[in-house]
Amino acid sequence: VAPPRLVAPRRAYAPRMTATDVSEAAASAAIPASTNVFCNRALNLGGIQAVGFDMDYTLAEYVPETFDLLAYDGAIEKLVNTMGYPAAVLDLVYDPHAYMRGLVIDKKRGNLLKLDRHKYVKVAYHGLKRMTPEERKAIYATSFETAPAFTPPDFSTIDTAFLLVDACLFCQLVSYKDDHPDEVTKSYEQIYRDVRRAVDLCHCDGVIKDAVAVNPAKYIRSDPALATMLTALKQGGKQVFIVTNSLYDYTDVVLRHLLGASWLDYFDLVVCGARKPGFLLDPYLPIFQVRQDGSLENAEIISPQDGARLLQRSRVFQGGNWQHLHALLQLASGSGLLYVGDHMYSDILRSKRTLGWRTLLIVPELRDELLTAEETRH
């Protein structure tokens, strides 16, 4: 795996290039654009004390053809067996590549929307059927004054890969309801609530996590460069940590697969069950230390000395809030922390706006876009 290349905004001047610069530039040009890191503003990594990561869809990249199917099949089973949907729903088939992040669900109308940056609806589907321009404009572009805001509670944004299953199943059930109105009498909005609840239950009751624990290689893509990157960060003098909403038992399964049995050696601190975005907003959330047997112990962090004492016992914690994290890392300012995540709101915007963290957003969708651009350029 080629190391990422930092793509920064152009400066107004052209500095003199040495022979070494020319050589490095030539080597850099051979690196595929799909491995680039795009920089919206200059970032001096010398001023970064700690680098943190989310786990799901950040350190761990899941295989959609297998991982998403666990949630999809589990949700359908719940919809039919406990929520009253017809048995024919069991015959629906998941398409892991039909939808992507950034789409918006219109819960009341049963529509799936693609908006541009000006909130203009460019493409709209009702269930599985693409709406004509006339149908689309009649609902979403009658006038500027009456245009919807595309915000909750009537709309839901697909802002994480976990919600792609929701989008697929919702659209399929909308079309099934339209074709069989006597079999599904619930409103589109109620169908959305049922789908969301069914998928969420799969993440809580073991349908997904138990299967991953049995055969993690089937559901998680291995990345041999991951250990190299984490080691390089520590050798560069950075503290390396994890803040994830996953609990410790599942975190241990995933990271054992990616980094081996001694995965904890790669990190100075691990916070599981963080309940983001609450972790970034609520200064009163309690923190617990995870013992070696997996049990929890209440942790009091009042001074930096408390943090140092606790870290000598265990580097794994559950819950807490950003104040605990700063104390454990002995961080004076949020600007000395770089956090890497895949969720625009829970990982990036909240931490940047409220805490001043520096942030790096994982956008896997750009990979295909850049590969396509490279192919068409040649």
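Modeller: Angles between axes run from 0 to 180 degrees between N-to-C directions, the axes being lines fitted to C-alpha atoms. The model we are discussing is a predicted one.

Biologist: At about what angle does helix H11 run to E13?
Modeller: Helix H11 covers residues 304-313 and lies across strands E12 (269-272), E13 (287-290), E14 and E15 (316-319). Taken against E13, the direction of helix H11 makes an angle of about 30°.

Biologist: Which strands stand at the edges of the open sheet of 8 strands?
Modeller: The order of this sheet, whose pairing is mixed, is E14-E13-E15-E12-E11-E3-E16-E17. The two end strands each have a single partner strand, so one side of each is left without a neighbour in the sheet. These edge strands are E14 (296-298) and E17 (358-361).

Biologist: In E16, which residue is the bridge partner of valine 51?
Modeller: Strand E3 (residues 50-53) pairs with strand E16 (residues 337-341) in the parallel sense, over 4 bridges. Across this pairing, the residue of E16 that is bridged to valine 51 is leucine 338.

Biologist: Which helix lies across E5, E6, E7 and E9?
Modeller: These strands belong to an open sheet of 5 strands, ordered E8-E7-E6-E5-E9 and paired in the antiparallel sense. Within the sheet, strand E5 (residues 104-106) and strand E6 (residues 111-115) are joined over 3 bridges, and valine 104 has leucine 113 of E6 as its bridge partner. The helix that lies across E5, E6, E7 (121-126) and E9, at about 105° to E7, is H3, residues 133-140.

Biologist: Is proline 96 buried or exposed?
Modeller: Proline 96 is found in the loop between helix H2 (64-81) and E5, and, leaving aside residues up to four places away in sequence, it touches Pro64 and Glu65. Its relative accessibility is 19%. Because the cut-off for burial is under 20%, proline 96 counts as buried.

Biologist: How many Å apart in space are proline 96 and proline 216, C-alpha to C-alpha?
Modeller: Along the sequence, proline 96 and proline 216 are 120 residues apart. In space, taken from C-alpha to C-alpha, the separation of these two prolines is 19 Å.

Biologist: Which residues make the nonpolar surface patch of about 240 Å²?
Modeller: One member, leucine 366, is found in helix H14 (residues 365-377). The patch of about 240 Å² is made by Phe38, Val363 and Leu366.

Terms used. Residues numbered from 1 in each chain as written. Predicted model: local features only at pLDDT ≥ 70, side-chain atom pairs only at ≥ 80, totals over all residues. Heavy atoms only, no water. Patch = residues over 30% accessible without salt bridge, like charges linked within 9 Å, V, L, I, M, F, W, Y side chains within 5 Å. Areas by Shrake-Rupley, 256 points an atom, 1.4 Å probe, with all protein chains shown as cover. Salt bridge = Lys/Arg side-chain N within 4 Å of Asp/Glu carboxyl O. Pairing = 2+ DSSP bridges. Contact = heavy atoms within 4.5 Å. Buried < 20%, exposed > 50% of the residue type's maximum accessible area, 1.4 Å probe, protein only.
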